[in-house]
Amino acid sequence: MSDAIWQEMQKMLEEQGRRDKAMKVEAFRRRNLFVKKGQILFCGSSLMEMFPVEELLMDLGLSITVYNRGVGGFTTTELLEVLDPCVFQLEPKYIFINIGTNDLSAEDYTLEGLVARYQSILDQIKARLPQAVLHLMAYYPVNEPVGLRSFMPDVFTRRTNRRIAEANQAVEALAGQNGALFHNFNQGITAADGSLKEEYTIEGMHMYPDGYRAVLEEMLEVLKAAGQDCAG
């Protein structure tokens with residue numbers, strides 16, 4: 001395949017990605033007309049979008065209202081542009097955020113840039129929703145050997161567990177500086193070597209539902225407490 005054809009294909013895929021994200025955001029705008037405000041919100045990228053939290057809670061017999069506004073492929077820059085439909089319109093009481101892993105994959109990534117954009121997200125949320133309780137989630141580890149054998153090995157030369165650990169330290173510091181809570185819910189999905197357990201991963205990065213079930217087990221008490229507060 002020639003470089004020109006490859007570049008054209010990349011442009012088509014990027015344009016399709018932009019359209020898909022825009023469609024999801026528009027769907028959120030319409031769904032937000034019917035939400036019960038003052039509840040729990042999940043927002044972020046695909047690692048949040050793919051979390052089947054509502055179904056998993058239902059399977060456990062728990063009546064906790066959680067709205068998921070994750071969008072696959074989102075970066076911190078993209079979330080900043082659509083905070084209204086992804087956060088503000090729901091007026092949530094508790095906000096769980098997992099955003100930034102796609103930033104880690106960028107060729108021009110810098111930790112300083114990630115932190116600055118994440119801080120901007122927190123600044124805007126605190127200004128619009130000063131009573132909301134912010135929960136910043138640690139980024140999940142990846143399984144680099146699986147990823148390097150996948151259809152997108154270049155991503156895993158940049159999104160490494162070393163870079164993820166560094167970013168998690170920065171997000172934890174952000175939580176402390178902004179009156180937010182930082183949570184590492186990754187114990188159940190992390191192998192002895194610190195990587196994402198192979199049995200849970202699709203391609204080294206994303207997880208099957210049983211991986212999310214392991215994450216939910218770690219965060220369940222936090223969600224229960226938030227759900228009780230919202231119901232009360």
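Colleague: Morning! In what order do the strands of the open sheet run, and is the pairing parallel or antiparallel?

Modeller: Morning! Bear in mind that this is a predicted model. The open sheet has 5 strands, ordered β2-β1-β3-β4-β5, and they pair in parallel.

Colleague: Which strands stand at the edges?

Modeller: Those are β2 (66–70) and β5 (181–183). Each has a single partner strand, so one side of each lacks a neighbour in the sheet.

Colleague: And by how many degrees are neighbouring strands turned against each other?

Modeller: On average by 20 degrees, with direction ignored.

Colleague: What packs on the sheet, then?

Modeller: Helix α10 (residues 161–177) does, touching β4 and β5. The direction of α10 makes about 155 degrees with that of β5.

Colleague: Let's switch to α7. What span should that helix have, and how far apart are its end C-alpha atoms?

Modeller: Helix α7 covers residues 111–128, which is 18 residues. At 1.5 Å a residue that should give 26 Å, and the end C-alpha atoms are 26 Å apart, so the two agree.

Colleague: Which residues of α7 are buried?

Modeller: They are L111, G113, L114, Y118, Q119, I121, L122 and I125. Their cover includes α4 (76–81), α5 (83–86) and α6 (101–104), along with β3, β4 and α10.

Colleague: I was looking at D103 in helix α6. Is D103 buried or exposed?

Modeller: Buried: its relative accessibility is 5%, and the cut-off for buried is under 20%.

Colleague: What does the side chain of D103 make a polar contact with?

Modeller: With the side chain of R117, at 2.9 Å. Leaving out residues up to four places away in sequence, D103 touches T75, T76, Y109, L114 and R117.

Colleague: Last topic, the largest nonpolar core. Which of its residues touch the most other members?

Modeller: That core has 43 residues, and the ones touching the most other members are F74, V87, I95, I97, Y118, I125 and L136. Elements giving two or more residues to the core include α1 (3–31), β1 (40–44) and α9 (153–156).

Colleague: What is V87 in contact with, beyond its neighbours within four places in sequence?

Modeller: L41, C43, P92, I95, I125 and L129. Apart from this core lies another, of 28 residues, including V53, I189, Y212 and L216.

Notes. Residues numbered from 1 in each chain as written. Predicted model: local features only at pLDDT ≥ 70, side-chain atom pairs only at ≥ 80, totals over all residues. Heavy atoms only, no water. Pairing = 2+ DSSP bridges. Helix = DSSP H or I, 4+ residues; strand = E, 2+ residues; numbered from the N terminus. Axes fitted to C-alpha atoms, helices over the stretch in contact; angles between N-to-C directions. Contact = heavy atoms within 4.5 Å. Expected span 1.5 Å × (residues − 1). Buried < 20%, exposed > 50% of the residue type's maximum accessible area, 1.4 Å probe, protein only. Polar contact = N/O pair within 3.5 Å; in protein donor to acceptor, adjacent residues only side chain to side chain. Core = buried A, V, L, I, M, F, W, Y, C linked by side-chain atoms within 4.5 Å.
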